[in-house]
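Could you walk me through this model in the viewer, one selection at a time? I'd like to know what to click on next and what sits there.

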Amino acid sequence: MTPRWIFPIFAALALGASVPAQAATIQITMENLVISPAEVSAKVGDTIEWINKDIFAHTATAGNGDWDVAMPPKKTVSSVLKKAGTVDYYCRFHPNMKATLTVAP
Ligand SMILES: [Cu+2]
C-alpha cells in the first residue's frame, strides 16, 4: 500500500514542471510612498509580485498604457510579464511614485 503522503508530493512536482525553467518571480515593494527597487530588469514570462505595504491603495500604471496593476492596501498582486521593452510606470494616486521596469525578450 502506498503511503498517503506520496500523493501531495507528486502533485507539487507536476505543478512545478508546468512553469518554464527560467521564469523568475521578482518582488517590487511599495512602502511609504516609495517604489523599490526603482529599477528592475526582468524577462518575458517572469512574474512580478507587487507588494503594497502601505495602508492606502497604489497602482503600477505603465506610462505607455500597456498595463495597469491595482494594489489594495496591505495586499500583494501578481502579474506575468508578456511584452519586452522598457516601461516607465507610476502610481495614479501618487504621481511622485515612479519607477522603471525593463523587460528582455
Ligand atoms: Cu500610490
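**Salt bridges as a way in**

Searching the whole structure turns up 2 salt bridges. Keep in mind as you click that this is a predicted model.

Start by selecting Lys83 and Asp66, whose side chains meet in a salt bridge at 3.1 Å, N to O. You're looking at a link between distant parts of the chain: Lys83 sits in the loop between strand 7 and strand 8, Asp66 in the loop between strand 5 and strand 6, and they are 17 residues apart. Lys83 is exposed, with a relative accessible area of 51%, while Asp66 counts as partly exposed at 35%.

Next, pick Arg92 and Asp68, which form a salt bridge with their closest N and O atoms 2.8 Å apart. Arg92 is in the loop between strand 8 and strand 9 and Asp68 is in strand 6, so this pair ties together parts that are 24 residues apart in sequence. Both ends are partly exposed: Arg92 has 41% relative accessibility, and Asp68 has 43%.

Which residues make up its covered face, and which the uncovered one? Val69 and Met71 are on the covered face, with Asp68 and Ala70 on the uncovered one.

Strand 5 and strand 6 run antiparallel and are joined by 4 bridges. To find your place in the pairing, look for Thr59, which stands opposite Ala70 in strand 6.

**The copper site**

Select the copper ion and display what coordinates it. The donors are His58 through ND1, Cys91 through SG and His94 through ND1, at 1.9 to 2.1 Å. Along the chain these donors follow the spacing H-x32-C-x2-H. The two histidines come from distant parts of the chain: His58 is in strand 5 (residues 58-62), whereas His94 is in the loop between strand 8 (85-90) and strand 9 (98-104), 36 residues apart. Is His58 buried or exposed? His58 is buried, with a relative accessible area of 0%.

**The aromatic cluster**

Begin with Trp50 and Trp67: their ring centres are 5.9 Å apart and their planes stand at 45°, so the pair is tilted. Trp50 lies in strand 4 and Trp67 in the loop between strand 5 and strand 6, so the pair ties together parts that are 17 residues apart in sequence. Trp50 counts as buried at 1% relative accessibility, but Trp67 is partly exposed at 23%.

Select Trp50, Trp67 and Tyr89 together and you have one aromatic cluster.

**Out into the core**

In soluble globular proteins, nonpolar side chains tend to be buried together.

For the last stop, switch to cartoon and find the open sheet of 4 strands, in the order 2-1-4-7 with mixed pairing. Which strands stand at the edges? Strand 2 (34-36) and strand 7 (76-80) do, each with a single partner strand, so one side of each has no neighbour in the sheet. On average, neighbouring strands of this sheet are turned by 20° against each other, direction ignored.

Zoom in on strand 4 (residues 47-52) beside strand 7: the two pair in the antiparallel sense over 5 bridges. Click Glu49 and look across to strand 7, where its bridge partner is Ser78.

Notes
Residues numbered from 1 in each chain as written. Predicted model: local features only at pLDDT ≥ 70, side-chain atom pairs only at ≥ 80, totals over all residues. Heavy atoms only, no water. Donors = N, O, S within 2.8 Å, 3.2 Å for Na, K, Ca; no water. Buried < 20%, exposed > 50% of the residue type's maximum accessible area, 1.4 Å probe, protein only. Pairing = 2+ DSSP bridges. Axes fitted to C-alpha atoms, helices over the stretch in contact; angles between N-to-C directions. Salt bridge = Lys/Arg side-chain N within 4 Å of Asp/Glu carboxyl O. Phe/Tyr/Trp six-rings, centres within 6.5 Å; stacked < 30°, edge-to-face > 60°.
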